[in-house]
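Thank you all for coming; I would like to walk you through one chain this morning, beginning with a single side chain and then stepping back to the whole. Please have a look at the structure before I go on.

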Amino acid sequence: MADQRAFVIVGAGLAGARAAHTLRSEGYDGPIVLLGEEAEPPYERPPLSKGLLVGAAVRDSVYLHEADWYPGQNIELRTGSRVTGIAREAAEVVLADGERIGYHRLLLATGSTARNLPVTGTDLDGVLRLRTLGDSGRLAAALTEGARIVIAGGGWIGLEVAAAARQKGADVTVVETSDLPLGRVLGAGMAGVFADLHREHGVTFQLRSQITEIRGIDRVASVLLSSGTELPADTVVVGIGATPNTELAERAGLTVENGVVVDQALRTSDPQIFAAGDIANAYHPLLGTHVRVEHWSNARNSGPAAARAMLGQDVAYDRLPYFFTDQYDLGMEYTGHAPPGSYDQVIVRGDLSRREFIAFWIASGRVLAGMNVNVWDVADQIGELVRSRRSFDPIRLADPDVPLADV
């Protein structure tokens, strides 16, 4: 059994590994146990749907550290270790083999699991999801010239896979239940930008539709849509979102609602237990509400924030949600938080036709979020506009000749 002073981290993804790194960089010299269910050491996920799929990145480049870094930092990294329970009264985590590890502080950074389609045929060869490094390798091998790829879901992962598949010469159809890909995230106007981009690159959309059956013998051969249309398919990629891995927290009796509920210091309803990354539904002091963010930046930044809170530092995790994507020749960054129904207009600065612009989501004159498309080095300025919480003149906001600092 590990020393009771151990800081135990369940989840060896980006949030967990960054937390372990921060504990050491902040001077903690006690035992750290980092438990990962995957056989892989901690790695970055963005290349899985981007560089690795098109061959622009190599596998070894995704790892956060060299293999000898963890023992060099006296961090006990245990891959292939599944935690099945938390004994809160004893302050121990329970592993699948029955081993119990005591903790002084515990961080849950268990991430998310890609959702599967609730239809028959998902067990056929050629039906893939994209969440792990292994998933990315299998998908990259399937994206070949002339391959017929059907993607369920027109969200960020689905569209990034579509872009990669077209770059590899595959024939791509995206099946999306709503009127537009990304419609729920960006609204109709901005979602149309991405729909047009993909259509120009040869992607076919089946909108207001869904897959009702995956057909084949041993291997996928086609999919049946709700419209009755049958599409031939060599590979089906399921990209319909992810579910936070909250089972441990639920069984332990922690407060769980759309993730593990935590305060601004990422502390759960048990003061010895913290949560970070995808699973944390964290109170955001600037936004004045709880927010759960599944993007890379949140994992990268919330892990260190949780580590500092575990050390007793005064922490108010107030990073604005941020994410990015690269599709074909379009690069985008999004900063802020503008869920559906929260804004009353979208203001565009720049050239929509050339896809070089900034879009602002506005509520009563305040900037809730901004998205810069092929316009660079402005994400911090957009963040400052969001943080200011003041009303802006929409004419000046839309005028590219007025510097963002002066709007």
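Let me begin with Trp 69, which has a relative accessible area of 18% and, because that is under the 20% cut-off, counts as buried. Please keep in mind that what we are looking at is a predicted model. Tyr 70 is buried as well, with a relative accessibility of 3%.

Now to the aromatic pairs, of which the count comes to seven. One of them joins Phe 7 and Tyr 28, whose ring centres are 4.3 Å apart and whose planes meet at 45 degrees, so this pair is tilted. Phe 7 belongs to strand β1, whereas Tyr 28 sits in the loop between α1 and β2, so the pair ties together parts that lie 21 residues apart in sequence. Phe 7 is buried at 4% relative accessible area, and Tyr 28, at 10%, is buried too. Trp 69 and Tyr 70, with which I began, also form an aromatic pair, and that one is edge-to-face, with 5.0 Å from centre to centre and 90 degrees between the planes. Elsewhere, ring pairs link Trp 156, Phe 194, Phe 323, Tyr 334 and Trp 361 into a cluster.

Stepping back to the whole chain, we find 10 helices and 26 strands. The radius of gyration is 22 Å, close to the 22 Å that the globule rule gives for 407 residues, so the chain is as compact as a globular protein of that length. Of those 407 residues, 54% count as buried.

Definitions and conventions. Residues are numbered from 1 along each chain as its sequence is written. This is a predicted model: local features need pLDDT of at least 70, side-chain atom pairs count only at pLDDT 80 or more; totals for chains, interfaces and linings use all residues. Side-chain values use heavy atoms; hydrogens and water are left out. Helices (H or I, at least four residues) and strands (E, at least two) are DSSP runs, numbered from the N terminus. The radius of gyration is taken over C-alpha atoms; the globule rule is 2.2 Å times the number of residues to the power 0.38. Buried means under 20% relative accessible area, exposed over 50%, partly exposed in between (1.4 Å probe, protein chains only). Rings of Phe, Tyr and Trp (its six-membered ring) pair if their centres lie within 6.5 Å; planes under 30 degrees apart count as stacked, over 60 as edge-to-face and the rest as tilted.
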